[in-house]
Amino acid sequence: MGEMIGEVHGKVGPAGVVDEHGIAEVSGQESGKILGVEVTNWVTFRAVPRPDGTLWGEGQGTLTTREGDFVKWKSHGLGWESGRDNVTSWRGALFFQNASSKLARLLKTPAVYEYECDEKGNTHLKLWEWK
């Protein structure tokens, strides 16, 4: 992994079950800094249960700055119950597209992430540049 490029905190709503296979979807809003720039992250994420008890996840969203710069992203990852305080931990990769000026550096590299969500929907995302 390369340098840490960002960290955001926020909240997602309660998970809604999408289908009879237990696929769940959450949406929410987070804020923090990416590349030293204050951003709001709008996120939608789907979690698919796997036979071994882990989760396969796919997400998408948009990071926006106060000045109107933005970057869209998509992610894939694996999740599991961490065993502490009903926290679900995720590890995966984010891929950026359509960035405007302040966030254009994100187009040159994927990012790896650590993401945690507790039972109340509180979230914490850390991003590292993948070199």
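Residues are numbered from 1 along each chain as its sequence is written, and side-chain values use heavy atoms, with hydrogens and water left out. Because the model is predicted, local features need pLDDT of at least 70 and side-chain atom pairs count only at pLDDT 80 or more, whereas totals for chains, interfaces and linings use all residues.

The core comes first. A nonpolar core is a set of buried Ala, Val, Leu, Ile, Met, Phe, Trp, Tyr and Cys residues joined through side-chain atoms within 4.5 Å. Buried means under 20% relative accessible area, exposed means over 50%, and partly exposed lies in between (1.4 Å probe, protein chains only). The largest nonpolar core holds 26 residues, of which Leu 63, Phe 96, Leu 106, Tyr 113 and Leu 127 touch the most other members. At least two residues of this core come from each of E1 (4-12), E3 (24-34), E4 (37-49), E5, E6 (70-81), E7, E8 and E9 (122-129). Strand E4 gives the most, with five residues. These strands (E, at least two residues), like helices (H or I, at least four), are DSSP runs numbered from the N terminus. Contact means heavy atoms within 4.5 Å. Beyond residues up to four places away in sequence, Leu 127 touches Phe 96 and Tyr 113, among others.

The next topic is charge. Side chains of opposite charge can pair when their charged atoms come close. In a salt bridge, a side-chain nitrogen of Lys or Arg is within 4 Å of a carboxyl oxygen of Asp or Glu. The structure holds six salt bridges. One of them joins the side chains of Arg 105 and Glu 3 at 3.1 Å, N to O. Arg 105 lies in the loop between E7 and E8 and Glu 3 in the segment before E1, so this pair ties together parts that are 102 residues apart in sequence. Arg 105 also forms a salt bridge with Glu 129, with the closest N and O atoms 3.1 Å apart. Glu 129 is buried, because its relative accessible area is 10%, whereas Glu 3 is partly exposed at 45%.

Another salt bridge links Glu 67 and Lys 102, with the closest N and O atoms 3.3 Å apart. Glu 67 lies in the loop between E5 and E6 and Lys 102 in the loop between E7 and E8, so the pair ties together parts that are 35 residues apart in sequence.

Two serines may be compared. Ser 89 lies in strand E7 (residues 88-97) and counts as buried, because its relative accessibility is 3%. A polar contact (a pair of N or O atoms within 3.5 Å; within protein, one must be able to donate a hydrogen and the other to accept it, and residues adjacent in sequence count only if both atoms are side-chain atoms) of 3.0 Å joins the side chains of Ser 89 and Glu 116. Ser 101 lies in the loop between E7 and strand E8 (111-117) and counts as exposed, because its relative accessibility is 59%. The side chain of Ser 101 makes a polar contact of 3.1 Å with that of Asp 69.

The last residue concerns the backbone. Most residues other than glycine have a negative phi. Leu 35, in the loop between E3 and E4, has a positive phi of about 55 degrees although it is not a glycine.
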